[in-house]
Amino acid sequence: MEASILQFLTQLAKALASQFGPNCEVVYHDLEGREADSSIVLIENGHVTGRKVGDGASHVVLEALKGDRAQLRDHFCYLTRTSDGKVLKSSTVYLRNDKGEAVGIFAINYDITLLLAMEDTLRQFTAAEQSGAAPEPIARNVSDLLDELIEQSVALVGKPVALMTKEDKVKAIEFLNDSGAFLITKSGDKVCKFFGISKYTLYSYIGEAKS
C-alpha cells in the first residue's frame, strides 16, 4: 500500500473518530500481502471492539479474502455484534486497484448499545393509551380552546350545524357543558351564534342534557 494513501486514510479515520466520539471505531484492513490474522493497519477507538493494529480479521474480512474480490460491494448501516454483546451500526467500504479488485476495507463501527437501551426507555416513557384518536391539541389561548371544543362537538354529532336537529344540538351542547366550555368568559354568546340559538334556548338545552 502506498504511504500517501495510508496517510490519507489515517487522517480520515482520525477525523471521523473525533467527529463522532469514543463510540465510533474506524478501522482499515489491508488485503494485500497480509494474513487474515494481522490485516488491521490502522484503527481509531479500538476499545469499541477490543482490537488494535496488527490484529486479525472480522467475518467481513474473511469473506472478502476467500471470495471474488471484484464482486464485493460496499455495505452501509448494517448491524453487527461483538463477542461481549455490544451492538454496532457498521459500514464497510472496499478500496480497489485498477482491476476493480478489493485491496482494502475501510470500516466504521458505531456502538449503539446504550442508544438502543435509551430508545427502549424513551418508548416506554412516552407510551400512551392507544385509543386510535388523534393527539389532543394544546390551545394557545381560551378563544382558541373554545373554537376547538366547538369543532369537537360538531365532530361528535357528525353533521354540520345546518343539518342538525334539536336532539343533535342538545348532544353538542351537552359535550360543551361537560368539557367546561361555559366556564370561559362570554362562551355562551359564541356558542349561541355558532348554533343559531338564543340564550334561553341554550340554557334549555343545558337543562335537557343534565336531565
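Which residues does Thr92 touch, not counting residues up to four places away in sequence? The legends below start with this residue in a predicted model.

**View 1. Thr92 and the residues around it.** Thr92 lies in strand β4. With residues up to four places away in sequence left out, Thr92 touches Val60, Asp74, His75, Phe76, Tyr78, Ile105, Phe106 and Ala107. One of these, Tyr78, also has a polar contact with Thr92: their side chains are joined at 2.5 Å. The relative accessibility of Thr92 is 3%, and the limit for buried is under 20%, so Thr92 counts as buried.

**View 2. Asp84 in the loop between β3 and β4.** Strand β3 covers residues 75-81 and strand β4 covers 87-96, and Asp84 is found in the loop between them. Asp84 has a relative accessible area of 56% and is therefore exposed, since exposed means over 50%. The side chain of Asp84 makes a polar contact of 2.3 Å with the side chain of Thr82. Asp84 can also be placed relative to Ala64: the two are 20 residues apart in sequence, and their C-alpha atoms are 24 Å apart in space.

**View 3. A nonpolar patch on the surface.** The patch is formed by Leu114, Leu115 and Met118, which together have about 310 Å² of accessible area. Leu114 belongs to helix α3, which runs over residues 113-126. Is Leu114 buried or exposed? Leu114 counts as exposed because its relative accessibility is 61%, and the limit for exposed is over 50%.

Note on methods: Residues numbered from 1 in each chain as written. Predicted model: local features only at pLDDT ≥ 70, side-chain atom pairs only at ≥ 80, totals over all residues. Heavy atoms only, no water. Patch = residues over 30% accessible without salt bridge, like charges linked within 9 Å, V, L, I, M, F, W, Y side chains within 5 Å. Areas by Shrake-Rupley, 256 points an atom, 1.4 Å probe, with all protein chains shown as cover. Salt bridge = Lys/Arg side-chain N within 4 Å of Asp/Glu carboxyl O. Helix = DSSP H or I, 4+ residues; strand = E, 2+ residues; numbered from the N terminus. Buried < 20%, exposed > 50% of the residue type's maximum accessible area, 1.4 Å probe, protein only. Polar contact = N/O pair within 3.5 Å; in protein donor to acceptor, adjacent residues only side chain to side chain. Contact = heavy atoms within 4.5 Å.
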